[in-house]
Amino acid sequence: MKNLKILFLALSVFYSCTDLDLQPKSSSTAELVFQEESAYQAFIAKLYAGFAVSGQNGPTGDSDITGIDEGESNYVRGLFLMQELPTDEATMAWNDGTLYDFNEIDWTDADRFNRAFYNRVFFQIGLVNEFLRETTDDKLDSRNVSSDIRSDIALYRAEARFIRAFCYWHAIDHYGDVPFFDETFGIGTNLPTQESREIVFDWIIDELGEIESQLAEPRSNEYGRVDRAALWMLRAKLFLNSEVYTGVTRLNECIEACEQVIAAGYVLDQDYSTLFGADNHLSTEFIWAIAVDGTFTQSYGATNFIIAASRGAGAPSSGTNQQWWGLRTPADLVNYFPGNPDENSSIDSRGMFWTDGGNRDIMINDMGDFANGGGYLVTKYTNFDRNGVEGSNGSTQGFVDTDFPMFRLADAYLMLAEAVVRGGTGNSSDPVALVNALRLRAYGDNSGAITAAELTADFIIEERARELYWEGHRRTDLIRHGTFLSGIWNQKGGVIEGVPITDDKYLLFPIPDTELIANPTITQNDGY
């Protein structure tokens, strides 16, 4: 599963939004495809590959989603843009389309990058629904599927349902009230109805409860596939943000889920930098990672995008021949780290930045000038393994072997600590000890240790930036903390120094205009 060599020629699920009347790209039928029992494994591989790649034919040439550059339609790349660019963690030098709007927080419902991510989320949901339709007992009986493969298919179904629940979490997190449809919804019959954020939230929680016992035990599944610990992480994420999603605080349940993860046997890696290199699949703290391989899962998204787009202007080698001169970070993130951050010399080893003679106070005064516009390059992700050896394809075609960490143990530590600080109870783990375990790794000794009095909500939101920057969490974290609109950072509001945002419509992204045209039953989010 690390290589995800098998991609599936999907059936009638290639819609670019939730318009279920669109025609399939493939002329194959389910009955033809599923004559081979290997097709079931191929389909589940496609579901996982849908986070890492963007189409059916390598990096380009047969995109799952039309109407946009194929690389821009990648799931992880879209998540990065949505979660990082509107925050204090990242800026983009490219003037492609409306990318500046993400830095400035002034996007509209016509934004193509917003549309690409929305379509990718619902594309994944559509794939899952199709897989579940084609793996019912009746369908398997009609094809005389052998008993040997049926137990595998049962596990595949549980994993597929997890993937759908995960995607619906991203849907409600970014868009609020969203179209809802599952495998019982008939293609070509009518249009999906829009359900409230609260209803979809409750459905996700119920769905996770139904599949929990059906998933593999923690750390027992094939790498890159989900297990019960991934489910507990998703549950913790939902409960930590429950007040935002539903108006109801459920911190105790977040703590319970985090405790389950912590007790599952994952271990913090001793060297933070190894979490983001070409052999990070060896990590002992990854709970679920999106598998990327420079030969078998080539794309212009996922970590290929993060690494290539963050290099240029004479930056240290990243283990790939690609330098796209795009992503940087403003001083706002760098200032969370003590010491001199230049060339990885921060006291906190997690501060992996590079600048050519700059200083931490410099503003990004020209987002379009990657080399001279200010800010720092982030060297956190590389295509070198822990021994300094380059990944398999970095110097030839420029594609990396570095996996994207979707869930890891450190996040469970920080979520539990935050839930306790915000009033949650029932924890058996000491939140101060958990945070200090991360800081011991970061500092190499106890000099970075904090006391219980220092463990505040403001500290945690900064510590999450130090530990998890560029991992796709920041926008959600700032909204939960109440500072996404009021906080001030470089380029926010279209001003170099940054200004607060007064319009709370930006707490959600707009439903894309193409979706409103395709499905007139959908109501746009307020203010758009």
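User: Where is D206 placed, and which residues form a negative surface patch?

Analyst: In this predicted model, D206 lies in helix α8, which covers residues 197–211. A patch of this kind joins like charges within 9 Å, using residues with over 30% relative accessible area and no salt bridge. Here the negative surface patch is made up of D177, E198, D202 and D206.

User: How many residues of helix α12 are buried, and what covers them?

Analyst: Buried means under 20% relative accessible area. In helix α12 (residues 302–309), 8 of the 8 residues are buried, so the helix is largely enclosed by the rest of the structure. The buried residues are A302, T303, N304, F305, I306, I307, A308 and A309, and their cover includes the helices α2 (38–52) and α3 (75–84) together with the strands β1 (91–92), β5 (327–328) and β8 (404–408).

User: Is N280 buried or exposed, and with which residues is N280 in contact?

Analyst: N280, which sits in the loop between α11 (251–262) and β4 (286–290), is buried, because its relative accessibility is 0%. Leaving aside neighbours within four places in sequence, its contacts are Y223, T274, L275, F286, R386, D401, T402 and D403. By contrast, E243 is 37 residues from N280 in sequence and 34 Å away in space, C-alpha to C-alpha.

User: Is D458 buried or exposed?

Analyst: Exposed means over 50% relative accessible area, and D458, in helix α16 (residues 457–468), counts as exposed because its value is 52%.

Terms used:
Residues numbered from 1 in each chain as written. Predicted model: local features only at pLDDT ≥ 70, side-chain atom pairs only at ≥ 80, totals over all residues. Heavy atoms only, no water. Patch = residues over 30% accessible without salt bridge, like charges linked within 9 Å, V, L, I, M, F, W, Y side chains within 5 Å. Areas by Shrake-Rupley, 256 points an atom, 1.4 Å probe, with all protein chains shown as cover. Salt bridge = Lys/Arg side-chain N within 4 Å of Asp/Glu carboxyl O. Lys, Arg positive; Asp, Glu negative; His and termini not counted. Charge placed at Lys NZ, Arg CZ, Asp CG, Glu CD. Helix = DSSP H or I, 4+ residues; strand = E, 2+ residues; numbered from the N terminus. Buried < 20%, exposed > 50% of the residue type's maximum accessible area, 1.4 Å probe, protein only. Contact = heavy atoms within 4.5 Å.
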